[in-house]
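The sequence and structure are shown first.

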Amino acid sequence: KCPVEGNGTVSFSLDCDHEVADQTKSSVSDYTAIPSSGDFAITVKDASSSVFWSGKVSEWDAATQVPAGEYSVEASYGAIDVEGFDKPFFYGSETFTVEGGQAASVSVNVSLGNTVILVDCTESFNNYYNDYTFELVRDGSSIATFVKGEDKAAFIDGYKVTLKGTVTGSNGKQQSFTKDYT
């Protein structure tokens, strides 16, 4: 189907999936504040992948004249390589068609694109160890440090990480360990 020639307009909305998948069924809001849809960045590209427009969703003017044709839009918040506490990365994309003289409405489904890590110790563990520290490390750089009682979660690119831990028992003896995850 060929689009009608001329210009059209487009409005964008975001449908944010806040669910954390795989190991646990919970919501991202259990671990950090959810960004508002206006805080998401969008990049609109034409059929040849040339950028037509880029900026925050809140800056897009729905009255902008867009030449008829095939387009894609990518929406994101945060970045996969920015890791740590309160650093969620959301991403989604959608393709759409603009027809001359028509108004298009495009909804982009965005979902969590990074991994959530939370250190949650049992009451028995906390009673046995007077103190502990767990650290997420990659390539020699610290991503996040969890001290005893920390209730925040870290958001990381989940491809590879090392967990380092130091625990102090009720007898005062310290033990350390390292575990790699890929």
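**Strand pairing and aromatic contacts**

Asp 131 has Thr 168 in E15 as its bridge partner. The model is a predicted one, in which local features need pLDDT of at least 70 and side-chain atom pairs count only at pLDDT 80 or more, while totals for chains, interfaces and linings use all residues. Residues are numbered from 1 along each chain as its sequence is written, and side-chain values use heavy atoms, with hydrogens and water left out.

**The four-stranded sheet**

- Four strands form an open sheet in the order E13-E12-E15-E16, with antiparallel pairing; strands (E, at least two residues) and helices (H or I, at least four) are DSSP runs numbered from the N terminus, and two strands pair if DSSP finds at least two bridges between them.
- Strand E13 (141-147) and strand E16 (174-181) are the edge strands, each pairing on one side only.
- From one strand to the next, the twist averages 15°, with axes taken as lines fitted to C-alpha atoms (for helices over the stretch in contact) and angles running from 0 to 180 degrees between N-to-C directions.

**Strand E15 and its partners**

- Strand E12 (residues 129-138) and strand E15 (residues 161-169) run antiparallel and are joined by eight bridges; Leu 136 stands opposite Leu 163 in E15.
- E15 also pairs with E16 in the antiparallel sense, over eight bridges, and Gly 165 stands opposite Phe 177 in E16.
- The hairpin of E15 and E16 has four residues between the strands, and Gly 172 there takes a positive phi near 90°.
- Seven of the nine residues of E15 are buried, where buried means under 20% relative accessible area, exposed over 50% and partly exposed in between (1.4 Å probe, protein chains only).

**Aromatic contacts**

- The whole structure contains 15 aromatic pairs; rings of Phe, Tyr and Trp (its six-membered ring) pair if their centres lie within 6.5 Å, and planes under 30 degrees apart count as stacked, over 60 as edge-to-face and the rest as tilted.
- Phe 40 and Tyr 77 have ring centres 5.7 Å apart and planes at 45°, so this pair is tilted.
- That pair links distant parts of the chain, 37 residues apart: Phe 40 is in the loop between strand E3 (26-27) and strand E4 (41-46), and Tyr 77 is in strand E7 (residues 69-77).
- Phe 40 is buried at 2% relative accessibility, whereas Tyr 77 is partly exposed at 28%.
- One aromatic cluster is formed by Phe 12, Phe 52, Trp 53, Trp 60, Tyr 71 and Phe 96.
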